[in-house]
Amino acid sequence: MTANAVVVDPRRLPVPIRRPRGRLMVRASHAWVLHRRRVVRSIGAVVVLLAAVGIYEARDAIGTGFDTLSGMVQGEFAEAGFGVQAIEITGQALTQESDIVQALALQPKVSTLNFDAEAARTRIEELPSIESATVRKIYPGRVVVSVVERVPIARWRVDGVTFVIDGAGKQIGEDKGAYGDLPLVIGDGAANDALVMIRSIDRYDALKAHLAALSRIGDRRWDLIYDTGLRVQLPEQGVAQAIDRLNSYQRDYALLDRDVTLIDLRVPNMVAVTPSADAQKQIADAAKAAAKAKPKANIVVDSSYETPAEKASGN
């Protein structure tokens, strides 16, 4: 006990004044102590939500900023000597160089440092005439493109347009007249079976001479069309045998060189031919001439001749 101590009645001691603000702080303090983790998570969620809303609202401005920054960076690279200054393309014959350049998608002031060669290769290989492609960046400023094109095997004419096709029947490109030495197939479905038919005919030189086109009929069978107008109808089944028979007719009778407009081989073991109008007239005239030239029978009557019956009767 100190020297200045005074004896007082405890009931006379003052009590603290509880202010509202103080109670709130106490409650907040209690909540922080008891639910700190939950409070932190809630605050974090609110912050993330506000940030997401802010980014979404400012997305256009942010995108513009990135584009501007990217453009500035590209421009800096280009000015530093890494701009694409030359493009070398090799291997193309069917493909237009402009199509390949367009597939490269080179932007102004693009540099070899940020040019995506792999994406460019993918776009080039999507061109119809390209089998495969490689795209290389040669620093500081060259892009080298090498392509391998599909091999054309025939021309396919359908709906008035002629395409160059590969062995699988895929269109390589439109024929502008540079592939006149390739076989011509005509009609719907002709492209899909062109390779098989071309190989079948390719075994016989005599049948290929003056052959103008292979026409697909109803996507079921083929006709051979020659530049003389002659049409040879092949069967739906047994095509190889029919072609072999046609070759033997040509070898033995020069059938394809005759003045006929149609040779029908659709019936097995039989060939039907249709002469041209001039040939039919010549045939008719020859028949008439042969009939006129036929000598008449010289009939001599023997008045003494008796039939066996007359002899038997004794008359």
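This is a predicted model: local features need pLDDT of at least 70, side-chain atom pairs count only at pLDDT 80 or more; totals for chains, interfaces and linings use all residues.

User: Let us start with the nine strands. In what order do they lie in the open sheet?

Analyst: The order is β6-β5-β4-β7-β8-β9-β10-β11-β12, and the pairing is mixed. The edges are formed by β6 (171-174) and β12 (272-275), each of which pairs on one side only. On average, neighbouring strands of this sheet are turned by 25 degrees against each other, direction ignored.

User: How many bridges join β11 to β12?

Analyst: Four bridges join β11 (residues 260-264) to β12, and the two strands run antiparallel. Within this pair, Val 260 has Pro 275 of β12 as its bridge partner.

User: Now β4. Is it mostly covered or exposed?

Analyst: Strand β4 (residues 154-158) is mostly covered, with four of its five residues buried.

User: And which strands does it pair with?

Analyst: β4 is joined to β5 (residues 161-165) by five bridges in an antiparallel arrangement. With β7 (residues 184-186), β4 pairs in the parallel sense over three bridges. Arg 157 takes part in both pairings: its bridge partner in β5 is Thr 162, and in β7 Arg 157 stands opposite Ile 186.

User: What about the hairpin of β4 and β5: which residue there takes a positive phi?

Analyst: That residue is Asp 159, with a phi near 55 degrees; the hairpin has two residues between the strands.

User: Changing topic: what is the order in the sheet of three strands?

Analyst: That open sheet has the order β1-β3-β2, again with mixed pairing. Its edge strands are β1 (86-90) and β2 (130-138); each has a single partner strand, so one side of each lacks a neighbour in the sheet. The twist from one strand to the next averages 15 degrees.

User: How do β2 and β3 run?

Analyst: They run antiparallel, with eight bridges joining β2 to β3 (residues 142-149). Val 135 stands opposite Val 145 of β3.

User: Which helices lie across these strands?

Analyst: Helix α4 (residues 97-104) lies across β1, β2 and β3, at about 125 degrees to β1. Helix α5 (residues 117-125) lies across β2 and β3 and runs at about 155 degrees to β2.

User: Finally, where does UniProt list a transmembrane region?

Analyst: The unreviewed UniProt entry lists residues 39-56 as a "transmembrane region". In the model, that span is 100% helix and 0% strand, and its end C-alpha atoms lie 26 Å apart.

Methods: Residues are numbered from 1 along each chain as its sequence is written. Side-chain values use heavy atoms; hydrogens and water are left out. Two strands pair if DSSP finds at least two bridges between them. Axes are lines fitted to C-alpha atoms, for helices over the stretch in contact, and angles run from 0 to 180 degrees between N-to-C directions. Contact means heavy atoms within 4.5 Å. UniProt positions are given in the numbering used here, feature names are shortened, and annotations may be inferred rather than shown by experiment. Buried means under 20% relative accessible area, exposed over 50%, partly exposed in between (1.4 Å probe, protein chains only).
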